[in-house]
Amino acid sequence: LGLKFYSRFQVIEFPAFTEGELLLIGNGLAEKFGYNNHDVINDLVKFHYEWSNKKEIQVYLQCFTIREIAATVRALSEKESIYDTIMTIYGARYDKNRKELLKNELKKYPRLINDTQKTELPDFPGCYINDSLITTVKSALFSLKNGRNIILMGKEGCGKTQVAHWISEYYNSKIKDNENDQQSFFCVCTEEIKVTDLVGHQAPSGKSDGTSELIKWQDGFLTKAIKLGKCCVLDSLDEAPSTVTERLNNLLDQKYDKQKKFFEIPENSDNPRVPIKDSFRILATANIDKICQMSPAFLNRFTTIFLENQINDSLTMPQYYDLIKTLLNKHCSELSLKEKSLQNKSSIKYSYKETIIPIIYEKVKNEKNIALISKLCCSVITLLYAFGNNSKISEKDVVEFGFQLLQRNGQFIVKKEIEDELLNTFNEIDDKTDEPFFYKDSPSLRSFLAKLAAYSIIKQPVF
């Protein structure tokens, strides 16, 4: 704040809680939730106090507050594992190195590590099982079950959006109140997103009979999820403006009482208070390199879970082959189902020969970005089908071309056989406004149009 403004206020510092005060709060919460193991509460408070005051932790973006103690005690009152609860609420936000520090700290408190529960990973379609994914999903499902909202953070291309999709769909499938409702709620946040996009707005009703209302309130994506008690995904929440994140605060603070909770929508004069179903959750994703732009007070209202890179240096060649095969099978199945739904009948079945797996491996063995590998596998499947009858185009040509298409720099040379095959697409267009083959004498235009046709085939957005 500016000094001229700041100097007009009397500043009162709210001091940090002492360990004794935290112990009183912890025991009070245990009594409130009906948890009677006071030895565990004593150890939890001591651990919380010592861990949150470590120098290497204090420089970390997110701090520890009474919210962590309250969430832990509440989970323990629901018979959750003590160790799993602490590793989720306190440890899920860290990378593997800081997690090891946390585990070493917990060794001082045997009562906090004396139990753990085995969690079965849901059967996600086309999912490559790895340690990073197992840890993340376990923490996420634990948090959703215990009434917590989540921010899933990680590096660009680590697969956090896909994982968020899987987790939200699995959670929504378990909601008994609307088990026949297959709606999914997913929103990509940008700098341009507005509160009205999430909450709703007034819009023309479409009726003009003179008796009906001309303007009608339309619920936004978030309001619909609140009413149905769904888990909604806010992808790239770190990109959203502060006006949007501030509006979410009302949904994030946990109230540990039996009273009905409401979401305030003053814009809707007919129904300004929407009841929040107990099963409603927010699952957001954020880029770890940008999360520091978000308010620590806002972040602290979430369980923050760090998704480690799913491809690490210890991945062996057979494991890489298994990953590629899993992704190829996933995209074959998805593309075949999509074709069938578009044609409304039995349609083409996408497939591949296993000889292409080692070719893809040689191209991506040094890549750590699982999103890029997944896109490449999808591109290869669609290009194989598109070039299926051309014996001059080898599997290696397809993989190399698909890889080049996905690079940020689109300045690459297209092999002539591939270029000719792609340009045949334009021969099928019945457009009398241009002369046929208007591009045949321009090498640069031929190359550009071939690439444009290829991006259309692999369904890759182009700027």
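Analyst: Of the 463 residues in the chain, buried ones make up 44% (buried is under 20% relative accessible area, exposed over 50%, partly exposed in between, with a 1.4 Å probe and protein chains only). This is a predicted model, in which local features need pLDDT of at least 70 and side-chain atom pairs count only at pLDDT 80 or more, while totals for chains, interfaces and linings use all residues. Residues are numbered from 1 along each chain as its sequence is written, and side-chain values use heavy atoms, with hydrogens and water left out.

The chain holds 19 helices and nine strands (DSSP runs of H or I with at least four residues, or of E with at least two, numbered from the N terminus). Its C-alpha trace spans about 80 × 70 × 55 Å along the principal axes. Among contacts with a separation of 6 or more, 72% join residues 24 or more positions apart (a contact is heavy atoms within 4.5 Å).

Now to the charges. The chain carries 62 positive and 62 negative side chains, and the centres of the two sets lie 2 Å apart. Here Lys and Arg count as positive, Asp and Glu as negative, with His and the chain ends not counted; each charge is placed at NZ of Lys, CZ of Arg, CG of Asp or CD of Glu. Side chains of opposite charge can pair when their charged atoms come close. A search of the whole structure finds 21 salt bridges (a side-chain nitrogen of Lys or Arg within 4 Å of a carboxyl oxygen of Asp or Glu).

One of them joins Glu 50 to Lys 108, with the closest N and O atoms 3.7 Å apart. This pair links distant parts of the chain: Glu 50 belongs to helix α3 (residues 38-52), Lys 108 to the loop between α7 (96-106) and α8 (131-145), and 58 residues separate them. Glu 50 has 36% relative accessibility, so it counts as partly exposed.

Helix α8 has a link of its own. Lys 138 forms a salt bridge with Asp 84, the closest N and O atoms being 3.6 Å apart. Because Lys 138 lies in helix α8 and Asp 84 in helix α6 (residues 82-89), the pair ties together parts that are 54 residues apart in sequence. Lys 138 is partly exposed at 28% relative accessibility, whereas Asp 84 is buried at 9%.

Glu 362 is partly exposed at 47% relative accessibility, and Lys 365 is partly exposed at 32%.

Back in the loop between α7 and α8 you will also find Leu 112. Leu 112 is buried, because its relative accessible area is 0%. Leaving aside residues up to four places away in sequence, Leu 112 touches Val 40, Asp 43, Leu 44, Phe 47, Ile 82, Tyr 83, Ile 86 and Leu 106. One of these, Ile 86, is 26 residues from Leu 112 in sequence and 8.2 Å away in space, C-alpha to C-alpha.
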